[in-house]
Amino acid sequence: ARQRPAASVRPPDHPLRAALYAVVTSSAFDGFIIGVIVANVGVMACDYWGIEQDVANQTAYDRAMDVFSLIYYVECILKLNALTCAGYFGDSWCRFDFFLVCTALVDQFFTEILAQILPLPPMLLRVLRVIRILRILRLLKGAKELRNLIMTMIYSFPSLINVCGVLALITFMYAVLGVNLFTYVVPQENLTAERNFKTFGSSMLLLFQVRLTGLSPSAP
């Protein structure tokens, strides 16, 4: 499928908006935001089970997340003023950022209100915070080679389905052959009560395990 080129946004005529446009479209601004994203993901990696019992770590973690969220809010506001709504929402990366900003906004200010209005489980509300890690996908915007590699994998996915179909057909043939030849083999080291050729299902499972691990059936 052909991709339509993204429409470029014309620099605004107003002096203040023109200055904002120059800032948000500069490579220095993109580099700063990428650095913030990497630092944000690094801080999220410091979260651990039971951090709520450690007041100092929990406070530092929450303040760091609030600072990152504030930076993303400012970025969104600057781009909306510089690119206008049409230019901002006309870019797929900006729409992606806006979705994450709205998610962070709900998680930061409206979680307690939602919990009082709707009977939502705590795990669902925690998912809103975990969604922030998707912002690391912004790194693909500047990594052209990595983006091309991912797009190549996506476009080759239908061919991979055909290859998996051929492998499944071969496994099916060997499973049927194993049931016919080795059904009455006495259980031993490699043929156990769980791994055997007595039924078609157990035969398929055994062959799949051997193909997946590349080891003998008795391997752990």
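Reader: Which residues form one aromatic cluster?
Author: This is a predicted model, where local features need pLDDT of at least 70, side-chain atom pairs count only at pLDDT 80 or more, and totals for chains, interfaces and linings use all residues. Residues are numbered from 1 along each chain as its sequence is written, and side-chain values use heavy atoms, without hydrogens and water. Rings of Phe, Tyr and Trp (its six-membered ring) pair if their centres lie within 6.5 Å; planes under 30 degrees apart are stacked, over 60 edge-to-face, and the rest tilted. One aromatic cluster is made up of Tyr88, Phe89 and Phe98.

Reader: How many aromatic pairs are there by this rule, and what kind of pair do Trp93 and Phe96 form?
Author: The count by this rule is 6 aromatic pairs. The ring centres of Trp93 and Phe96 are 6.4 Å apart and their planes stand at 85°, so this pair is edge-to-face.

Reader: Is Phe197 buried or exposed?
Author: Phe197 pairs with Phe182 in a tilted arrangement, 5.6 Å centre to centre with 50° between the planes. Buried means under 20% relative accessible area, exposed over 50%, and partly exposed in between (1.4 Å probe, protein chains only). Phe182 has 39% and is partly exposed. Phe197 has a relative accessibility of 12%, so Phe197 counts as buried.

Reader: Which residue lies over the face of Tyr72?
Author: A charge sits over a ring if NZ of Lys or CZ of Arg is within 6 Å of the ring centre and within 35 degrees of the ring normal. At 3.6 Å from the ring centre of Tyr72, the residue over its face is Arg135.
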